[in-house]
Amino acid sequence: MPRISEGRPPAEPSSAGQKDRYLRMLRAAVRQGTALDFEHVQMQDIATEAEVAIATLYRYFPSKVHLFVGVMKWRVDRLDQARIITEPGQDAIVAVSELLNRMTLDMYAERQLSLSMIQSMIFAESLTSPDHAHIKFVFGEIILRLAQWHADPTDDQRRRAWLLTQCWFGVLMMVLNGSRSRALAETDIRRACELLLG
């Protein structure tokens, strides 16, 4: 289990220079996380590659868990900014299952990095991490939008979107660790969408 610092909340970049350094740190984490498993990624190597002081890295990411949750947040925010919507006449179940299955394939293509992100999300359950909470909220909003429930979602619809997110995370973890085939995972995700969005 990784050491997780809870000493203080992570800083948020505000100035242009801070945002540039923040992005360099995330990109360095992606490169290091693609090449090495979570245990072998070193914060000092991330700082060196990003050309920032180690104190700067820890200011924004108090641990590797925070760092890879930050990478996941960056990815989810980019997905949200794409404003993916259900095409006119497209079935919501098809739209959501296609997105989740495409994301599964994309994350499998970066298997090592994806394992670090998902494992960090699991470890971060015990943290008061604004990035972790943000990811869950935004991902749920994307599903609500594709399910065509975004205008005024009920509590039940939000619960279904949350359950679908949890189901997808679980199936994705099994695909990434090799205990579930991608073909079976695709069927699982489609069935989960049918049950929860139908």
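Quick definition before the notes: a residue is buried when its relative accessible area is under 20%, exposed when it is over 50%, and partly exposed in between (1.4 Å probe, protein chains only).

1. What you're looking at. This is a predicted model, where local features need pLDDT of at least 70 and side-chain atom pairs count only at pLDDT 80 or more, while totals for chains, interfaces and linings use all residues. Residues are numbered from 1 along each chain as its sequence is written, and side-chain values use heavy atoms, with hydrogens and water left out.

2. Cysteines. A disulfide is a covalent bond between the sulfur atoms of two cysteines. The cut-off here is a pair of cysteine sulfur atoms within 2.5 Å, and the count by that rule is 0. Take C167: the closest cysteine sulfur, in C193, is 8.1 Å from its own, which is too far for a bond. C193 is likewise in no disulfide.

3. Helix α1 and Q32. Helices are DSSP runs of H or I with at least four residues, strands are runs of E with at least two, and both are numbered from the N terminus. Q32 belongs to helix α1, residues 16-35. Is Q32 buried or exposed? With 15% relative accessibility, it counts as buried. Contact means heavy atoms within 4.5 Å; setting aside neighbours within four places in sequence, Q32 is in contact with V41, D45, I46 and E49.

4. Aromatic pairs. Rings of Phe, Tyr and Trp (its six-membered ring) pair if their centres lie within 6.5 Å; planes under 30 degrees apart are stacked, over 60 edge-to-face, and the rest tilted. The whole structure has 7 such pairs. In one of them, Y22 and Y60, the centres are 5.7 Å apart and the planes at 80°, so this pair is edge-to-face. It links distant parts of the chain, with Y22 in helix α1 and Y60 in helix α3 (residues 54-60), 38 residues apart. Both Y22 and Y60 are buried. Another pair, F38 and F68, is tilted because the planes meet at 55°, with centres 5.8 Å apart. F38 is in the loop between α1 and α2 (43-50) and F68 is in helix α4 (residues 64-81), so the pair ties together parts 30 residues apart in sequence. F38 is buried at 3% relative accessible area, and F68 is buried at 0%. Ring pairs also join Y22, Y60 and F61 into a cluster.

5. Charges over rings. The test is NZ of Lys or CZ of Arg within 6 Å of the ring centre and within 35 degrees of the ring normal. K64 lies over the face of F38, 4.8 Å from the ring centre. R78 has its charged end over the ring of W74, 4.8 Å from the centre.

6. The core. A nonpolar core is a set of buried Ala, Val, Leu, Ile, Met, Phe, Trp, Tyr and Cys residues joined through side-chain atoms within 4.5 Å. The largest one has 66 residues, of which L57, F61, M72, L164 and W168 touch the most other members. Not counting residues up to four places away in sequence, M72 touches M107, M117, I118, M121, I135 and F169.

7. Most residues other than glycine have a negative phi. E51 has a positive phi near 60°; this residue is in the loop between α2 and α3 and is exposed at 66% relative accessible area. Q148 also has a positive phi, near 65°. Q148 is in the loop between α7 (130-146) and α8 (155-176) and is partly exposed at 48%.
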